[in-house]
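Please read this report with the sequence and the model side by side, and look up each part as it is named.

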Amino acid sequence: MCANSNSDLTRRSILRAAVEIISHSGLDALTAGRLIEQASISKGGLYHHFRTMEAVETEVLELLTQSLLMDIKAYPSPESKDDFFELMESQLLRCFAVDNLYVRALFGFISASAHNKTRQCTIRRFIDEVSLIRLEQLKKVSPNVSHIELHGIVQMISSLQIGLVTRHFLAEDLVSLKNYWADYRKILVELLEKCGAHSFAQTREKVREMS
């Protein structure tokens, strides 16, 4: 194995170790000492790849958001409104799986980024990209609903996700989170149906006026 391959492997090992630390113990637990121990490297080895711990955090956060974004894009595109809400349920509740290191580590960043503008921008960009994917999916299965109304529903889903994360951090159990989502899902489905019926009625009225 060439030197560059070894270097890349070591860098990936450091990032993986950082994800594990943040996932299990939070961002505050990510210290140089703990990372050196977790990754089984020397202090010199760590700082050969990353000049500062802030650089480690920046690259880990970028890794988390891009990996999760790729994961979301890999889901099959929904073919109906029911498919869309099943997909949302799968993605939202998967966030709270015990073994989902990347999602838990991202939550660790979110909970510790109230006063860090750089992290906030990265997380905001990730949320916006996810929202855009969901908006395009919802447009496909609800072609009669206006862009503004669909955008509002997608923003409600994003707010719901934040609410679920908050409840998760407050140690709420998975059954309660599922029930919370189920109630909210009914509201979203009804709202989408009303928006569709309203848009259809408006279109029909315009056709009448033109004829």
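## About the model

This is a predicted model, in which local features need pLDDT of at least 70 and side-chain atom pairs count only at pLDDT 80 or more, while totals for chains, interfaces and linings use all residues. Residues are numbered from 1 along each chain as its sequence is written, and side-chain values use heavy atoms, with hydrogens and water left out.

## Helix α7

Helices here are DSSP runs (H or I, at least four residues), numbered from the N terminus. Helix α7 covers residues 117-141, and its 25 residues should span 36 Å at 1.5 Å a residue, which agrees with the 36 Å between its end C-alpha atoms; the expected span is 1.5 Å times one less than the number of residues.

The buried residues of α7 include I123, F126, V130 and L138, where buried means under 20% relative accessible area, with a 1.4 Å probe and protein chains only.

Helix α5 (residues 81-94) has 14 residues and reaches 20 Å from its first C-alpha to its last, close to the 20 Å expected at 1.5 Å a residue. Among its buried residues are L87, M88 and Q91.

The structure holds one aromatic pair. F84 and F85 form this pair, which is edge-to-face, with 5.3 Å centre to centre and 80° between the planes; rings of Phe, Tyr and Trp (its six-membered ring) pair if their centres lie within 6.5 Å, and planes under 30 degrees apart count as stacked, over 60 as edge-to-face and the rest as tilted. F84 counts as buried because its relative accessibility is 0%, and F85 is buried with a relative accessible area of 2%.

## Charges over rings

The charged end of R11 sits over the ring of F50, 4.2 Å from its centre, and the charged end of R167 sits over the ring of Y180, 3.8 Å from its centre. The rule is that NZ of Lys or CZ of Arg lies within 6 Å of the ring centre and within 35 degrees of the ring normal.

## S23 in helix α1

S23 has its place in helix α1 (residues 3-25), and this residue is buried, with a relative accessible area of 9%.

Technical notes: Buried < 20%, exposed > 50% of the residue type's maximum accessible area, 1.4 Å probe, protein only. Helix = DSSP H or I, 4+ residues; strand = E, 2+ residues; numbered from the N terminus.
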